[in-house]
Amino acid sequence: MSKSARNRAQRNRKNVLTKREVPWGGIAFFTVIGLVAAVAIGYAFLQSRPADAAIAGLIEKDGLGQDHTTGTVRYESSPPMGGDHDPMWQNCDARVYDKQLRNENAVHSLEHGAVWITYRPGLAADQIERLSGKIENTDYSMMSPYAGQDAPIIMTAWGKQLKLQDASDARVDAFLRAFVKGPQTLEPGAACSGAKDAA
Amino acid sequence: MTDGSTGSRGRRPTAALAALVLAVAGLLAAWQGLRPDRPGGGGPEAGFARDMSVHHAQAVRMSFLVRDGSEDERVRLLAYDVINTQSAQIGMMTAWLDEWGAPKADPAGRMRWMAGHGGHGGGRAGSGGGAAAMPGMATRDQLARLEKASGRDAEVRYLQLMIAHHRGGVAMAEAVLARTDHPRVRRLARTMVDGQRSEITLMTDMLRERGIRA
């Protein structure tokens, strides 16, 4: 028996005797694998989640009516976040209006999955232009001035609202990504053209 | 060998199990990295789905307008076909975006996935020109004139606008074919190229019957 073989035999004997020792190597190995898997799954989960949960300051409202009416509706907020509305939706095909819209038409557009950006009249021209650029690049969005609103800029989707001070806020893009034809849309597939075209 | 087999009896299943776990982890990592069925929100597949939906929506709009303005059965039937086909395809592309968890809007600009195309790099478009930054799209002005037109005038306007629109659509579908291996995206894009090409031929004939060369 060579020296190395004898050494091996000794080791083997030792293994038999110490069989019940805790297998730290295996535990460490599988712990690492488990951690890697958990991180990968967690990352994939975060990647696949819509961004709406991440928007700070988001106001949400449930239980809004959605009946059609040609009359005037009293909405609970200005601008409204949803509720009964006119049979004619306001065209929301990447449209920038320079006049105030009728609430009852705009709310119908929200039902179709549009995002509506409103600004307080008198907002600085560069702020308006920055927002216009976003709207013109985004189908299912529209913009209009809104007298008396309590923030310089307000973004609204059905049951969702975000008040902003500045057009360069990163939440503008986040809100558009989350809610243009987003999960709050009551009539997925409905049109943003073919109805009321003027303010 | 016999010495080894008895000696590592306890280690061998562990090693085999470890190899198996590693292999599975490797596969998972590769799948995560490539994501054959889940293209990212910024990739060409999602960009195509978003932009082609906008493009299709305008074709649907123009087809409704000509059905309101024309009595010609063949033009009205073509428009009926475009409305149904392209509306259904918008639904398919929207379902892809839902399934991929990709946003329906890209405020950073249209057509970024197809950057370099004919100078339309997306990005900031001029006032009212946002829609025209996509190939073949009609301007708001052209749509307004089609809406007011009737009879032969409406038909000619529609055919001319829709030929340009389909050409742009074919270019976009070919662009995504050059950029993706995703089977469902490729299949729909392929049918768009073939279907819209054949309709361009049909519409060119219809224009010729009205004494106009496309």
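Two strands pair if DSSP finds at least two bridges between them. By that rule, β3(A) pairs with strand β5 (residues 153-157) of chain A: four bridges join the two, and they run antiparallel. This is a predicted model.

**The sheet of chain A**

Six strands of chain A form an open sheet, and their order is β1-β6-β5-β3-β4-β2. The pairing in this sheet is mixed. Its edge strands are β1 (59-60) and β2, each of which pairs on one side only. Strands of a sheet pair through backbone hydrogen bonds, either parallel or antiparallel.

With β3 (residues 115-119), β4(A) pairs in the parallel sense over five bridges. With β2 (residues 93-96), β4(A) again pairs in the parallel sense, here over three bridges. Beyond β3(A) comes β5(A), and there the sense is antiparallel.

One bridge from each of these pairings is listed below.

| Strand pair | Residue | Bridge partner |
|---|---|---|
| β2(A) and β4(A), three bridges | A:Val96 | A:Met143 |
| β3(A) and β4(A), five bridges | A:Thr118 | A:Ser144 |
| β3(A) and β5(A), four bridges | A:Ile117 | A:Met155 |

How enclosed is β4(A)? Four of its five residues are buried, so the strand is largely enclosed by the rest of the structure. The cut-off for a buried residue is 20 or more other C-beta atoms within 10 Å of its own.

**Helices around the sheet**

Together, β3(A), α4(A) and β4(A) make a right-handed β-α-β unit. Helix α3 (residues 103-111) of chain A lies across β3, β4 and β5 of that chain. The direction of α3(A) is at about 140° to β3(A).

**Backbone details in chain A**

A:Tyr140 has a phi of about 65°. It is found in the loop between α4 and β4 of chain A. A:Lys181 has a phi of about 50°. That residue is found in the segment after α5 (171-179) of chain A.

Are A:Tyr140 and A:Lys181 buried or exposed? A:Tyr140 has 27 other C-beta atoms within 10 Å, and so is buried. A:Lys181 has 26 within 10 Å, so A:Lys181 is buried too.

A:Pro79 is found in the loop between β1 and β2 of chain A.

**Chain B**

Chain B has seven helices and zero strands. Of its 214 residues, 39% count as buried. Among contacts between residues at least 6 apart in sequence, 66% join residues at least 24 apart.

How do α6(B) and α7(B) cross? Two packed helices are described by the angle between their axes and the distance between the axes. Helix α6 spans residues 151-177 and helix α7 spans residues 183-209. Their axes come within 9 Å and cross at roughly 155°. Angles over 145 degrees count as roughly antiparallel. The two helices, α6(B) and α7(B), are therefore roughly antiparallel to each other. The crossing in which α6(B) passes α7(B) is left-handed.

Key
Residues are numbered from 1 along each chain as its sequence is written. Chains are lettered from A and ligands numbered from 1 in the order in which they are written. This is a predicted model: local features need pLDDT of at least 70, side-chain atom pairs count only at pLDDT 80 or more; totals for chains, interfaces and linings use all residues. A residue is buried if 20 or more other C-beta atoms lie within 10 Å of its own, exposed if 12 or fewer, and partly exposed in between; C-beta atoms are placed from the backbone. Two residues are in contact if their C-beta atoms, placed from the backbone, lie within 7 Å. A crossover is right-handed if, with the strands pointing away from the viewer, the path from the first strand over the helix to the second runs clockwise. Axes are lines fitted to C-alpha atoms, for helices over the stretch in contact, and angles run from 0 to 180 degrees between N-to-C directions. Angles under 35 degrees count as roughly parallel, over 145 as roughly antiparallel, 65 to 115 as roughly perpendicular and the rest as oblique. A crossing is left-handed if the near helix is turned anticlockwise from the far one by less than a right angle, and right-handed if clockwise.
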